[in-house]
Amino acid sequence: MHRTHPLQPWFGNPAFVEEVITATIANLDQLEPQLAATVATPLILALTPSLLDPVASRKSAELTAVTLQRLGYSPSVSLALIESLAHLVAKHGTANEAATIERQRQRLQARAVDSLHRRQRAELQSALALSHHDPLTGLMNRRGFVDAMSASLQRAQRSHSTVAIAILDLGTLTMASSERDPRDSDRLLVELARQLDSLTRSTDTIARLGGATFALLVEGDSERTEMLAIVERELRGVGLSASLAGQPSPPTWHAGLAVYPHDGTDSLALLSVAEAALVEARTMNATPGLNLALASSRQLQESRPMTGVYSPIGDGGNHLEVRYQPIVDLTTGSIAHLEALVRLKTHAGIVGPEDFIDSLARDERRTLFEVVLSQVADDIQDYDVSLPISVNIEPDLVSEDGYAESIIASWAARSIPAHLLTIEITETQDLVSLAYGPLALLKAAGHRLALDDFGAGYASLSRIMSFPFDEIKLDRAFSEPIDLLNVGLPLMTVAIDMSQLMDFDLVIEGIEDPRVIPVLRTLGARLAQGYALSRPLSMADVLALTNPLPLTTDLSHSMIAAAVQVFRWERAVLSLAASEGTTADLAPECIITDTLVDPDLIRLHQAQHLLAQRLLLDNDSATVNEFCRLGRELRQLVSTRLATD
């Protein structure tokens, strides 16, 4: 409970409280007025006693900062709220009280910033832990294991010690159980993980690389053959329980070993050697229990296998190729710019990034970005390209100390104009973790900035206001034909209007149905990307495309045309109703009534017409709500009809 303070009597005056709230909200450009009653008012009431009493609890500052952060507002909003409130409260006090309030304001703002930093660190640590661990077994996943290897090798280099990496194929242990019940296979994998953890030393690292493939990392100061004996001794007891494997006798399983520095000096090379050794182990005369092998010189000279354990980045990116998908101007059909998309070449064919990027460790993802960036620069120079090209990078990489500067320097060293490179930030992480500084440096150097997959990840409207993005890419979830007409139409319209008001390019992603193209044109969208416009192609094939591209321009499907035209008519009616001095005689004409052959659609639209007359005469909220509800029902009915076509 707060001490009695001489200013508290007027704090209980509702008129003063209203003045404080009104003035504070007016001073916060980023806080929408409609949030005042539900958000700002309780925060102000909680903050004011702390401003009045220097010894009062400052928990209210933490509450304010965390509440606004959860709503998507930047830390600057919390600081502005405290500062604005302190200024108004000080006006009602004496000079001595004003000085006290100023000192308390500084404390509250420091407390709010400290709270956000602690919360941010905790969230990042939690997200990092989740991204580095296997959810089934609780062991490290491949990304975590490669990061652990990198740290272990650094220690070994300093101490001139040895590191052994073993890859274990336990597939034969799980095969019989999975044939009976897939859940038995999961339970067996969990038990195998427990066994591995119990049989190895506390200083060793165990990971599940995927499926029934595990990995072991052992640090020591022994020779290569001695490390083999150590690993073999630790793994000998895994899976020897016949009841565990569901077999009458102990099963046969295999492992391959690589040792630093004899077999390689970096984590990716060692993984490749260990996998080659695993192949060697499978060719041996198998005996029950563990079959462990070192890679022979013949295996090391052969081409590296591609079984899922080996990283495509380990060979310098020779298994990677870059393709380019055009981003098309819907008003002209011309190619506005390109996005670079990486593909992995395997024996089974071409693999998209969604099938391998998530398993890459931090160093691998950095290398992947650099391989793609280098290929893009080569293609720009080799083909004399003048179109801007977007390259994806994750926030945690670009926020590394000095990394933005290295991107700028490497691009400038190629003497390529900066505006031809757009840095596209993927929304896989909360952008609060991305410092503003690196983006500002890239922007100042002349590079364009884009935010990918907006609407399906962490980014909120405050991120768009806080970061200097030139381009926002709207996630494909909003452009599916059924979803677009059902709930996406108003959201798409808001996004298009927002892009025009805030002066950034809006790219609609995932256009795979050509029927969506004229809908987007009708709504005013300018840029779009997707297979209905062009597949990802090599640079040579992109430059061979007809430019401008031929686009579908007619709303050929009558029901899609009806839904879009009705929506445009609704917006015109609502706009007129919101203006002063309108009458029913000014109601806009809806030209699609004759195309509504479906009786249910006709009924809904006729009801809307009746409400439009009332709405223009008396713009009351109940009529507006019913008018909009009928429009939503009409679009939902159209989407249902499309789904059954």
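Ile327 is buried, with a relative accessible area of 0%, where buried means under 20% relative accessible area, exposed over 50% and partly exposed in between, using a 1.4 Å probe and protein chains only. This is a predicted model, in which local features need pLDDT of at least 70 and side-chain atom pairs count only at pLDDT 80 or more, while totals for chains, interfaces and linings use all residues. Residues are numbered from 1 along each chain as its sequence is written, and side-chain values use heavy atoms, with hydrogens and water left out.

Ile327 belongs to strand 6 (residues 320-329); helices (H or I, at least four residues) and strands (E, at least two) are DSSP runs, numbered from the N terminus.

The largest nonpolar core has 70 residues, a nonpolar core being a set of buried Ala, Val, Leu, Ile, Met, Phe, Trp, Tyr and Cys residues joined through side-chain atoms within 4.5 Å. Helix 14 (residues 362-383) gives the most to this core, with seven residues, and Ile393 is among the residues with the most contacts inside it. Leaving aside neighbours within four places in sequence, Ile393 is in contact with residues including Phe369, Tyr403, Ile407 and Ile423. In soluble globular proteins, nonpolar side chains tend to be buried together.

Strand 9 (residues 389-393) is largely enclosed by the rest of the structure, because four of its five residues are buried. Five bridges join strand 9 to strand 10 (residues 421-425), and the two run parallel; strands pair if DSSP finds at least two bridges between them. Within this pairing, Ile389 has Leu421 of strand 10 as its bridge partner.

Helix 10 (residues 224-235) has 12 residues and reaches 17 Å from its first C-alpha to its last, close to the 16 Å expected at 1.5 Å a residue, the expected span being 1.5 Å times one less than the number of residues. The buried residues of helix 10 are Arg224, Met227, Leu228, Ile230, Val231, Glu234 and Leu235. They cover an arc of only 165° around the axis, which puts them on the same side of helix 10; the arc is that of the directions from the helix axis to the C-beta atoms. The face turned away from this buried side carries the exposed residues Thr225 and Arg233.

Technical notes:
Contact = heavy atoms within 4.5 Å.
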